Amino acid sequence: MCGITAYIGDRDAYPIVVNGLKRLEYRGYDSSGIMMYDGETIHLSKTKGKVSDLEEITENDPKRKVGNIGIGHTRWATHGVPNDVNSHPHFSESENLVIVHNGIIENYDTIKKELISRGYSFRSDTDTEVLINLIEEIKKNEGCKLGKAVQLALTNVIGAYAIAVFDKTKPNELIVARLGSPIAIGVGKDNEEFFVASDASPFIEYTKEAIYLEDGELAIIKKGRKIKVRKIEDDKLIDANIQELQMSLDQIEKGGYDHFMLKEIHEQPKAITDTYRGRMLADQGVIRMSGIDDNLSKFLNANRIIIIACGTSWHAGLVGEYLFEDLARIPVEVEYASEFRYRNPIITPNDVVIAISQSGETADTLAAIKLAKSKGAFVFGICNVVGSSIARETHAGAYTHAGPEIGVASTKAFTTQITLLSLIALKLAKEKGSLSKSAVNTYLQTLQQIPSQVESMLSIDDKVKEIASVYKDAKNCLYLGRGFNFPVALEGALKLKEISYIHAEGYPAAEMKHGPIALIDENMPVFVIATKTGHYEKVVSNIQEIKSRSGKIIAVVTEGDVTVKEIADHVIEIPETEEPFTPLLTTIPFQLLSYHIAVMLDKNVDQPRNLAKSVTVE
Ligand code: F6R
């Protein structure tokens, strides 16, 4: 979590760093700070709150904005409550060194005690201040340069980090390093300027050339010189690979929408198309995916597929379970990465593990991948962010190509993950012969209709808004679904709670009678997915049970439904499709509903409290 930015060059650093922080607020936004060096003095400005709060401070004191070198931070608190003092950047004891840090130093307490015994004192409760003082202590004792001191300090810490360090006595230089948290370095023309950030979005308008540091690497960045990248472990110099960035500025801006979440909901027809573009030739029944084609025997001979993920990606994984088992007849287990990694799971070289992650940086998923690899499993990644840690750590994989997802609540990542899982399941079904050629063709042609059907779902926005206005003050909500749509019920509940803070639970519809039914009264809105193809009659019975206990029913049904319409308080229709693809449609009204309720309740839709987009801590 946390976002870091830095600039060194000839331009004014302040707008670059501060605007960069705004683009990184999806990573954390409980406090923020910036260091500017004006050639003589370091100005440290930091505050609890968002980057806009930070701007108020600097607005009132313009000297805080001066200089061609700056580093900034937007925080998601781990050690120490969000307040001004714990905000980054942090000074070293001498106030010559300054650091920003994304990650956790697990052995900070031991190091802190040692430093205190050597006379150091600490202003904040953070692990980061411990690290910068360790660097200072090593630099003093060894009489070495900053880069070497950072390298030696990092060999002493346990944990995860992406850091940027500045030394007032060597102001033409920045040191950055990573282990477990991402860092990208934008390279300006002729090495005359450099940009540092947790992802490339803060510098996309300045340069298309970037170096993504690998885990365990440290870079010495000096204005006018080629970047030197070294291994932290043994100080060995390595060749840094400069990549051409594909991202464009309009992809990371709101494009006329009030919120990124709404923009991303509306981008789904295109995002889904981009996911299958070039991979599926529906007319010919062909599915081509190099990550699968090159490893086909591993999938076809697998004892089982284990899907690991967190949050919304885990919900997509659950849909994947239904897809793989139903279409390709391969046994699947879906695991929370955070549980899987700590429960000594039984994994064999005959297992195929699929890791799903939008950001590609989720710490628990990354650790679970490493565990599965160590036990000999083949690990396939489904990520959205190109070049992310998970994309690099897996043996093979496929990108969803959803484009940047900035809103903290995941929307297009979910539908594109399901699209990709559908393609893989159909590919394996075809290769295994568990589906006939003509059945595969029918599925592919149906899948091709999904983007336009999602488009038509988006046009019901006004209706969803009306429903949102009726239920916006509810204290609790239930979401029910069966089969392929059980994960959609979970996802619908998650969307509502994370952005509107209304308590919501998702259940398989038939589980209601085993407990949750006790909650039903006239104040309980129940959102039920009752599509024609998924155990319709059984779900209708569940709806009757809710109705007879005075619950309010908002049902998502297939176009032309008659029965549920007569019982439910509100119905939302989806176009007809094959049952495995219904989640791609049923999820849309729930996304819109959560969005509108959150807006009506005046919540911060794109940056809900306590959350961050990229969860790079355990
Ligand atoms: C919910 C949400 C989170 C993420 C989860 C995993 O809207 O965004 O639950 O899905 O933190 O993140 P990724 O997919 O980046 O691994």
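In this predicted model, an N or O atom in the side chain of Glu498 lies 2.6 Å from an oxygen atom of the ligand. At Ser410, a polar backbone atom is placed 2.8 Å from a ligand oxygen, and at Thr312 the distance between a backbone N or O atom and an oxygen atom of the ligand is 3.0 Å. The ligand taken alone exposes 410 Å², of which 91% is buried by the protein.

The space that the ligand takes is the second largest pocket. In total, 15 residues surround the ligand, and the closest are Ser313, Ser357, Ser359, Thr362 and Glu498. By residue class, the shell comprises eight polar, five nonpolar and two charged residues. At the level of domains, at least three shell residues come from domain 2 (253-448) and at least three from domain 3 (458-607).

Two features of backbone geometry were also identified. The peptide bond joining His88 and Pro89 is cis, with omega about 0°. Pro89 is located in the loop between strand S4 (69-75) and strand S5 (90-91). Glu95 is a residue other than glycine with a positive phi, near 65°, and is found in the loop that lies between S5 and strand S6 (97-105). For reference, most peptide bonds are trans and most residues other than glycine have a negative phi.

Notes: Residues numbered from 1 in each chain as written. Predicted model: local features only at pLDDT ≥ 70, side-chain atom pairs only at ≥ 80, totals over all residues. Heavy atoms only, no water. Near = heavy atom within 4 Å. Polar contact = N/O pair within 3.5 Å; in protein donor to acceptor, adjacent residues only side chain to side chain. Areas by Shrake-Rupley, 256 points an atom, 1.4 Å probe, with all protein chains shown as cover. 1 Å grid on protein atoms, 1.4 Å probe; cavity = no way out; pocket = protein on both sides within 12 Å on 5 of 7 lines; lining within 4 Å. Sits in = over half its atoms within 2 Å of the grid points. Nonpolar A, V, L, I, M, F, W, Y, C, P; charged D, E, K, R; others polar. Domains from an automatic or database assignment. Helix = DSSP H or I, 4+ residues; strand = E, 2+ residues; numbered from the N terminus.
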